[in-house]
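Hi,

Here is the model I said I would pass on. Have a look first, and my notes follow below.

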Amino acid sequence: NCPSLDHGLCTPTGCACRPDWVGRDCATPATVVLDSADIAPGYYPFARELGGGYVLHWKIHPARNNSATSAAGLRELGGDVVEFAMVAPTTGWIGLGINPSDGGMTQADMYVGTVTSGGQVRVEDRWSSGYTMPVLDETLGGGSDVLGAAGKEENGVTIIKFVRALEATSAGDKTISRGANTFAWAYGSSDVFAISCFDFGK
């Protein structure tokens with residue numbers, strides 16, 4: 001059900017939003033508009049191959065940083081944000097879990113992204129209580145903390161970028177440390193997200 005069709009595309013798997021709109025129904029204007037889904041050489045200071053060909057890139061943008069970045073609007077934010085780029089050898093969904101309590105899927109702040117065949121991008125903010133289907137944050141009384149997203153599929157590889165605050169902002173979120181964090185990761189062959197065994201590491 002996509003009531004805000006002016007801001008996205010309704011697909012069999014859900015709403016896929018235009019780059020300047022985010023949220024479950026594409027009804028929230030993006031705080032940050034990412035200019036490109038490409039991985040520019042040297043742009044991300046951190047990158048790690050997590051397993052199975054999945055590579056996670058990330059960069060922290062300090063609050064009110066006026067330096068040139070790929071993300072328009074970052075200077076308007078009042079707190080530090082992190083920009084992730086998930087890259088995996090799939091044309092299906094890509095998932096990232098942040099700081100699970102058991103190193104796996106328990107009490108993890110989850111993000112699941114897809115790119116439709118038409119190039120529309122959707123990133124969902126979910127909460128995983130354990131080894132069951134992660135629920136949308138809205139069901140817990142929270143909301144999506146995705147500030148902006150971009151993505152593309154090319155030659156069997158999907159790249160999905162998204163920006164969120166370092167600090168937890170609502171129910172279903174976890175704070176990201178500037179030091180060590182634990183990440184859980186997985187990807188699927190379809191745009192339909194289904195429960196999977198997420199691998200994990202620091």
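Let me start with an arginine: Arg178 is exposed, at 54% relative accessible area. (Exposed is over 50% here, buried is under 20%, and partly exposed is in between, with a 1.4 Å probe and protein chains only.) Before I go on, this is a predicted model, so I kept local features to pLDDT of at least 70 and side-chain atom pairs to pLDDT 80 or more, while totals for chains, interfaces and linings use all residues. Numbering runs from 1 along each chain as its sequence is written, and side-chain values use heavy atoms, leaving out hydrogens and water.

Back to Arg178: its side chain meets that of Asp80 in a salt bridge, 2.6 Å from N to O. (That term needs a side-chain nitrogen of Lys or Arg within 4 Å of a carboxyl oxygen of Asp or Glu.) The two residues are 98 apart in the chain, with Arg178 in the loop between β15 (157-165) and β16, and Asp80 in the loop between β8 (71-72) and β9 (81-88). Asp80 is partly exposed, at 26% relative accessibility.

Now the overall picture. The chain has 0 helices and 17 strands; both are DSSP runs numbered from the N terminus, helices being H or I with at least four residues and strands E with at least two. Of its 202 residues, 51% count as buried. The chain exposes about 8,900 Å², and carbon and sulfur atoms supply 53% of that (Shrake-Rupley, 1.4 Å probe; for residues, only the protein chains shown count as cover). If you take contacts between residues at least 6 apart in sequence, 57% of them join residues at least 24 apart, where a contact is heavy atoms within 4.5 Å.

Strand β16 (residues 183-187) is mostly covered, with 4 of its 5 residues buried.

What does Met86 touch? Leaving aside residues up to four places away in sequence, the list is Tyr54, Val55, Leu56, Ile94, Gly95, Leu96, Gly113, Thr158, Ile159, Ile160 and Phe162. Met86 lies in strand β9 and is buried, at 0% relative accessibility. From Met86 to Gly113, 27 residues along the chain, the C-alpha atoms are 8.8 Å apart.

There are 7 salt bridges in total. Apart from the one I began with, Lys152 pairs with Asp38, the closest N and O atoms being 2.3 Å apart. This pair spans 114 residues, from Asp38 in the loop between β5 (33-34) and β6 to Lys152 in strand β14. Both ends are partly exposed, Lys152 at 22% relative accessibility and Asp38 at 40%.

Arg164 and Asp145 make another salt bridge, 3.7 Å from N to O. Arg164 is in strand β15 and Asp145 in the loop between β13 (135-136) and β14, 19 residues apart. Buried or exposed? Both Arg164 and Asp145 are buried. Shared partners also join Asp38, Lys152 and Glu154 into one salt-bridge network.

Last, some backbone angles to check by eye. Most residues other than glycine have a negative phi. Gln107, though, has a positive phi of about 50°; it sits in the loop between β10 and β11 (108-115) and is partly exposed, at 40%. Asn155, also not a glycine, has a positive phi of about 55°. Asn155 lies in the loop between β14 and β15, and at 76% relative accessibility it is exposed.

Cheers
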